[in-house]
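Subject: Structure handover

Hello,

I am passing on the structure you will be working with. Please look through it first; my notes follow below.

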Amino acid sequence: MVKLDQLTTEARNPNTSRLDTMTPLEIVTIMNREDENVIQGVKEVLAQVASAIEWVKEAFEAGGRLIYMGAGTSGRLGVLDSVECPPTFGVSPDMVVGLIAGGDRAFVKAVEGAEDSETLAQEELEAQGLSSKDIVIGIAASGRTPYVISGLQYAHAVGCRTVAIACNKNSAVGAAADLAIEPEVGPEVLTGSTRLKAGTAQKMILNMISTGAMVGIGKVYQNLMVDVMQTNEKLCVRAHNIVREATGCSSERAAALLEEAGGSVKAAIVMELTGCTADEAVQKLEKARGHIRNCI
């Protein structure tokens, strides 16, 4: 395994060697300039990200789950992406799972030594009832976190497809996975602080994977989140607006459609676009596996 001090994510950035003497405007200017490297780094791994999206979609279609694993910032980013999926796409909280070394308490306070454990990941995956239908994505900015490596190795042994996201090329986590996504973003503005550029790159990639996979299983029509959960006033208004945008109907008509459809945005849209009843809309959607476009 590559030594920590040999990793790009641990190297000193010559552009910020006088960071402690900079004014606030100079600091944000250099940080903004350095963040441009994130965009380019992610651009260079888009083919691998697209492969991951296809694999996650196939796992979902087979009844499997997406399970993120990481420690520290990487683990928190996985948890963040997972908890946003139910309200955005109307899926079960069990469909996208975020595991962080040290458990839920590690999200707000570091748990010492958890990321160095080579047994904890297997224990947590066993507790999740990991099966070969699932896909496991290990996230580690350094690419050498033992918790993530051991989790990927166990997942592979179970028969899962595995993906690694790291910010160093030829990483150990990449070697432990079926697919390695390794954007290079350069040394951090603050040496070794991978919550910065590396974290931004990881979040961008996670956003792409979960969104792309959800599009693939019919959770999106046009560019509208048609399975949005109406759990608060804002989301109720959003659902109403989505029906109007998708169908071109009036506000009053959208409200009537949603009421008749029992709050289902998808059913309301299919009803308006095909002239069918709510029950018929549900049947059409079931036959089309949730894809509105295939109903019309």
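Contact here means heavy atoms within 4.5 Å. Please keep in mind that this is a predicted model.

In that sense of contact, F60 touches R65, L66, M95, V96, A213, M214 and I217, leaving aside residues up to four places away in sequence. F60 also belongs to the largest nonpolar core, which has 36 residues. Together with I137, I181 and I209, F60 is listed there as having the most contacts inside the core. At least two residues of this core come from each of α1 (24-43), α2 (46-61), β1, α3 (72-89), β3, β4, β5 and α7. Another core, of 27 residues, lies apart from it and includes V228, I242, L258 and I292. As general background, nonpolar side chains in soluble globular proteins tend to be buried together.

Next, the sheet. Five strands form an open sheet in the order β2-β1-β3-β4-β5, and the pairing is parallel. The edges are taken by β2 (96-100) and β5 (179-181); each has a single partner strand, so one side of each has no neighbour in the sheet. On average, neighbouring strands are turned by 20° against each other, direction ignored.

Within the sheet, β1 (residues 66-70) and β3 (residues 135-139) pair in the parallel sense over five bridges. G70 has I139 in β3 as its bridge partner. Helix α7 (residues 197-216) packs on the sheet and touches β1, β2, β3, β4 (161-165) and β5. The direction of α7 makes about 150° with that of β4.

Regards

Terms used:
Residues are numbered from 1 along each chain as its sequence is written. This is a predicted model: local features need pLDDT of at least 70, side-chain atom pairs count only at pLDDT 80 or more; totals for chains, interfaces and linings use all residues. Side-chain values use heavy atoms; hydrogens and water are left out. Two strands pair if DSSP finds at least two bridges between them. Helices (H or I, at least four residues) and strands (E, at least two) are DSSP runs, numbered from the N terminus. Axes are lines fitted to C-alpha atoms, for helices over the stretch in contact, and angles run from 0 to 180 degrees between N-to-C directions. A nonpolar core is a set of buried Ala, Val, Leu, Ile, Met, Phe, Trp, Tyr and Cys residues joined through side-chain atoms within 4.5 Å. Buried means under 20% relative accessible area, exposed over 50%, partly exposed in between (1.4 Å probe, protein chains only).
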